[in-house]
Amino acid sequence: MQSLSASEIEKYSLLFEQLSPVDGRLDGEKCKKAMLKSQLSVETLGRVWDLSDIDNDGCLDLQEFILAMHLIYRCVEGDMLPNTLPQNLVPPGKERFFAHFTFTSVTSDPFATPSIPSNMALVPLPKSTWSDPIGLSDMGQFSPLALANPNMASMWPQFATARPPSSQTYTYPPWAITSEEMSKASKLFGAIDLDADGLLSGTEVRDVLIRSGLQQAILAQIWELVDVHKTGMLNCEQFAVAMHLATEQLASSPYSRPLPPVLPPALLPPSLRPIPPDPTIFEESNRLIAEIEAINRERAEVETAYATLNVEAQHRASETSGVQRTVDALTHTSRSLVNQRNEAERRLNDYAHERDTLASILNELKGHVASERQKVEDMRNQINSQQVSAKVSYPFDDEVI
């Protein structure tokens, strides 16, 4: 893979400082913000974390963070992640952490390899205590394998892809574990089962697992495969299967033989193989399934009808709202007309009162005029009468004149 350039180092160093490191380190929660922007799969980001967290302290220092960003960038550009970190990408001063990744020879015993730092010990944790270094717990189901280091729990969704074989398959092939493998595993199982309860916890099996020299991701996937019922405990048969899978991994050119996504039927421990149920159970199950499907169909029909009624109700509500607006407008117009009518009636009343007043004044004037006319007529009659009287009293006045 291409080495780091000076411009990359400068750019990623600036990003490192922007994420507010504490004591020169970034925890998983802070690294998540930068890593998720790549849009890479959670599995790929998990492998990037495993390659970058060289000292396995659950945090990334500046050199490790720059390495992680470089690996992510190369993946985005289409490069493949290496199984182990290339020598040209190992940060200065961290070469000592890679001694346990050197596979000089392959032995038949996968548990006779060099020692590994104690902070890489794998321990199954209760589900209530699961955590992940970069906060990806909302992106899938995680394996119950975590680092014993309390500051980190390196778990990734690819470890949770395994599922126990279907309980509907009742014809299993012979168990693939040979009597020699079982004998060897039984002796080792008895030696490490300190409480002699017939089960191995993660703490009890830890030292044996880490002595295999396999990578953390491989060991985690093996545990996930053999812990069929996800109890966090292994019986002797499960332990033998784990040894078998580890041996196969070490016998292949480094991890060229991928682990199966689910435990093959031939490797399923006999003690964990399900017993065929009573066939009548299926009749009852089928009946219940048919009833459930019928209920689901009825529910779908009811939901469809409800949706239709809801649309109609909304349409009618819209129409009602329009009618209400029209009624409000008509009511407002009616009130305006009533006010106008009242105002007109008031004015008519005023005009009638004024007319009556004027009529009264006119009648008074008419009476006064008639009185004055009468007075004039009386005066005229009086004058005429006086003239006639004067002519009678002085009959010769006209002649004299």
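Biologist: What should I know about the model before I start?

Modeller: It is predicted: local features need pLDDT of at least 70, side-chain atom pairs count only at pLDDT 80 or more, and totals for chains, interfaces and linings use all residues. Residues are numbered from 1 along each chain as its sequence is written, and side-chain values use heavy atoms, with hydrogens and water left out.

Biologist: How many helices and strands does the chain have?

Modeller: Ten helices and six strands. Both are DSSP runs, numbered from the N terminus: helices are H or I with at least four residues, strands are E with at least two.

Biologist: What share of the chain is buried?

Modeller: Of 401 residues, 35% count as buried. Buried means under 20% relative accessible area, exposed over 50%, and partly exposed in between, with a 1.4 Å probe and protein chains only.

Biologist: What describes two packed helices?

Modeller: The angle between their axes and the distance between the axes. Axes are lines fitted to C-alpha atoms, for helices over the stretch in contact; angles run from 0 to 180 degrees between N-to-C directions. Take helix H3 (residues 42–52) and helix H4 (residues 62–76). Their axes lie 9 Å apart, at an angle of about 145 degrees. H3 passes H4 in a right-handed crossing. A crossing is right-handed if the near helix is turned clockwise from the far one by less than a right angle, and left-handed if anticlockwise.

Biologist: Which residues of H3 and H4 meet?

Modeller: From H3, Thr44, Leu45, Val48, Leu51 and Ser52. From H4, Glu64, Leu67, Ala68, Leu71, Ile72 and Cys75. Contact means heavy atoms within 4.5 Å. By class, this H3 and H4 contact has eight nonpolar, two polar and one charged residues. Ala, Val, Leu, Ile, Met, Phe, Trp, Tyr, Cys and Pro count as nonpolar, Asp, Glu, Lys and Arg as charged, and the others, Gly among them, as polar.

Biologist: Which residues of H3 are buried, and what covers them?

Modeller: Val42, Leu45, Gly46, Val48, Trp49, Leu51 and Ser52 are buried. Their cover includes helix H2 (28–35), strand S2 (59–61) and H4.

Biologist: At what angle do H5 and H8 cross?

Modeller: Roughly 115 degrees, with the axes of helix H5 (residues 179–192) and H8 coming within 9 Å. The H5 and H8 crossing is right-handed. Among the residues in contact are Glu181 and Phe189 of H5, and Phe239 and His244 of H8.

Biologist: Is His244 buried or exposed?

Modeller: His244 is buried, at a relative accessible area of 13%. His244 lies in helix H8 (residues 236–251). Beyond its neighbours within four places in sequence, His244 contacts Ile177, Glu181 and Leu267.

Biologist: How do I read a pair of aromatic rings?

Modeller: Use the distance of the centres and the angle of the planes. Rings of Phe, Tyr and Trp (its six-membered ring) pair if their centres lie within 6.5 Å; planes under 30 degrees apart are stacked, over 60 edge-to-face, and the rest tilted. The count here is two aromatic pairs. In one of them, Phe16 and Phe65 have ring centres 5.6 Å apart and planes at 55 degrees, so the pair is tilted. Phe16 sits in helix H1 (residues 6–18) and Phe65 in helix H4, 49 residues apart. Both are buried.
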